Amino acid sequence: MLHLQKHLLLLSLPPRATASTLFSLTRFAATTTAVAAKSAASFAVEDYLVATCHLTRDQATKASKSISHLKSPSRPDAVVAFLAGLGLSAADIAAVVVYDPRLLCAEVDRTLAPRLAELADHGLSPSQIARLVLVDPARFRRPTVISKLQYYIPLFGSFETLLQALKNNSYLLSSDLEKVVKPNVALLRECGLGACDIAKLCVPLRRLLTTNPERVRDMVAQAENVGVRRGSKMFRHAIQAVAYISEEKIAAKMQCLMKTFKWSHAEVRIAVSKLPAVLRNSEDRLHRVSEFLISEVGLEPAHIAYRPALLTYSLERRLIPRHCVVKYLKENGLLETDKSYYSAVQMTEEVFVEKYISPYEDTAPHLAEDYAAVSSGKIPARFRLKGPKTGHSSAQTA
Ligand SMILES: *[C@@H]1O[C@H](CO)[C@@H](O)[C@H](O)[C@H]1NC(C)=O
């Protein structure tokens with residue numbers, strides 16, 4: 001009943017007033033329960049966790065280990081009241097207690113209420129504070145949380161994005177800001193990345209900012225090694241491509257690209273600097289694609305090095321079908337022979353059909369049907385390809 005009243009009261013108050021109001025209310029709750037507790041002979045932590053915090057018996061057994069020193073329900077009662085006052089549901093409170101049972105031993109008057117007041121002073125609404133508590137019950141009450149929020153919110157662009165980032169990387173609030181996070185951010189900024197680029201990079205590389213700065217420095221060195229300049233637009237993608245891969249593996253991948261595409265040292269660096277993600281292709285895929293582009297389509301290695309996007313398309317669903325259409329049209333004198341395969345590969349499906357299929361309804365009435373067949377892995381007789389390796393069989397092994 002007390003919780004409900006307090007909750008309603010909280011909702012009706014302007015945000016600034018909540019922290020101090022809550023503070024006095026929880027003090028009241030703490031006093032009343034402390035009196036009640038004195039009469040209890042012994043305090044069974046596990047039972048308390050089940051009855052009051054709604055943990056399962058197994059969760060309670062596990063959680064009770066770290067708080068077995070609790071002798072009365074007075075502190076936990078006050079904490080539970082505090083959390084309910086923040087707007088956390090019974091299920092939320094159970095989740096928070098499972099994550100960090102020691103929270104139940106926190107002092108509401110000396111730790112939680114002042115922290116809440118500070119967070120509110122920094123402009124966080126009660127709902128934002130509640131969500132912060134849910135994301136990291138162990139860290140929100142530390143004194144360092146304020147300086148971390150002050151640093152992270154502008155970096156990630158908003159509190160909401162930061163909350164997402166905290167869900168993706170639980171170390172953000174526990175890592176050392178000065179020794180780990182700030183040096184990493186400074187280094188990335190030196191490479192020309194802005195806050196927005198850094199936040200974007202943290203989506204695929206969730207732990208980037210909390211990674212040992214020495215390792216991040218290695219990533220930067222590797223990105224430069226493979227041919228991407230600091231300050232270039234591709235640098236972020238280069239970091240993403242080389243992150244958490246050993247120097248040896250990256251060197252081996254560069255060698256593999258050179259051998260497979262018959263590229264010179266300079267050419268492989270051109271390809272990688274234009275599209276660092278080519279480093280993430282498997283050796284098997286690189287072999288199949290190079291075999292097709294060089295032997296079947298007849299492209300020059302250098303031509304491919306300057307157009308590494310060719311390596312990103314599906315062999316079976318894009319590269320082979322479009323080659324078949326372009327080749328057929330050229331061989332039958334329906335398309336100028338200098339028309340580029342690359343531009344035919346790049347366009348959307350809709351545009352390709354509009355430019356390469358539809359205009360030939362009269363001169364090549366079977367073209368749409370043949371294109372559909374080859375796109376689904378069956379190469380029709382009219383589309384015979386040269387090499388045995390890039391013919392029918394490879395089209396079916398996706
Ligand atoms: C968190 O991860 C999800 C799922 O991978 C992603 O969609 C989201 O953009 C990430 N958010 C941030 C801020 O890193």
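Colleague: What percentage of the 398 residues in the protein is buried?
Modeller: This is a predicted model, so the figure is computed from predicted coordinates. Buried here means under 20% relative accessible area. Of the 398 residues, the buried share is 47%.

Colleague: How many helices and how many strands are there in the protein?
Modeller: The elements are numbered from the N terminus. Strands number 0 in the protein. The helices number 23.

Colleague: Which helix has the highest mean pLDDT, and which the lowest?
Modeller: The protein averages a pLDDT of 87, and 87% of its residues score at least 70. The highest element mean, 98, belongs to helix 11 (residues 177-190). The lowest, 41, belongs to helix 23 (residues 392-396). In order, then: helix 11 and helix 23.

Colleague: Over which residues is the pLDDT below 50, and how many contacts does that stretch have beyond near neighbours?
Modeller: One stretch is residues 389-398, where pLDDT stays under 50 and the model has 25 contacts beyond four places in sequence. The other stretch is residues 1-28, also below 50. Beyond near neighbours in sequence, the contacts of residues 1-28 number 39.

Colleague: Among contacts between residues at least 6 apart in sequence, what percentage joins residues at least 24 apart?
Modeller: A contact needs heavy atoms within 4.5 Å. Take the pairs at least 6 apart in sequence, then keep those at least 24 apart. That share is 69%.

Colleague: Lys253 is buried; which side chain of opposite charge is nearest?
Modeller: Lys253 sits in helix 15 (residues 247-261). A salt bridge needs a nitrogen to oxygen distance within 4 Å. Lys253 has no salt bridge, as the nearest side chain of opposite charge is 6.3 Å away. That residue is Glu283.

Colleague: Which residue has its backbone oxygen 3.2 Å from a polar atom of the Lys253 side chain?
Modeller: Beyond four places in sequence, Lys253 touches Leu279, Arg280, Asn281, Ser282 and Leu286. One of these places its backbone oxygen 3.2 Å from a polar atom of the Lys253 side chain. It is Leu279.

Colleague: Which residue forms a salt bridge with Arg57?
Modeller: Arg57 is in helix 4 (residues 57-64), and its partner is in helix 3 (residues 45-51), 10 residues apart. Arg57 is partly exposed, with a relative accessible area of 42%. The closest N and O atoms of the pair are 3.1 Å apart, and the partner is Asp47.

Colleague: Which residues do salt bridges with shared partners join into one network?
Modeller: The count for the protein comes to 18 salt bridges. One of them pairs Lys179 with Asp176, at 3.8 Å from N to O. Shared partners build one network, and its members are Glu46, Asp47 and Arg57.

Colleague: How many residues apart in sequence are the parts that Arg131 and Glu160 tie together?
Modeller: The two side chains meet in a salt bridge at 2.8 Å, N to O. Arg131 lies in helix 8 (residues 126-135) and Glu160 in helix 10 (residues 159-168). So the pair ties together parts whose separation in sequence, in residues, is 29.

Colleague: Helix 19 is mostly covered; how many of its 17 residues are buried?
Modeller: Helix 19 spans residues 315-331. At its start, a side-chain oxygen of Ser314 reaches to within 3.4 Å of the backbone nitrogen of Glu316. Just after the helix, Gly333 takes a positive phi of about 70°. The buried count in helix 19 is 14.

Colleague: Where is His54 placed?
Modeller: His54 has a positive phi of about 60° although it is not a glycine. At 48% relative accessibility, His54 counts as partly exposed. Its place is in the loop between helix 3 and helix 4.

Colleague: Near what value is the phi of Tyr244?
Modeller: Tyr244 lies in the loop between helix 14 (235-242) and helix 15. Its relative accessible area of 37% makes it partly exposed. Tyr244 is a residue other than glycine, yet its phi is positive, near 60°.

Notes
Residues numbered from 1 in each chain as written. Predicted model: local features only at pLDDT ≥ 70, side-chain atom pairs only at ≥ 80, totals over all residues. Heavy atoms only, no water. Helix = DSSP H or I, 4+ residues; strand = E, 2+ residues; numbered from the N terminus. Buried < 20%, exposed > 50% of the residue type's maximum accessible area, 1.4 Å probe, protein only. Lys, Arg positive; Asp, Glu negative; His and termini not counted. Polar contact = N/O pair within 3.5 Å; in protein donor to acceptor, adjacent residues only side chain to side chain. pLDDT = per-residue confidence, 0-100.
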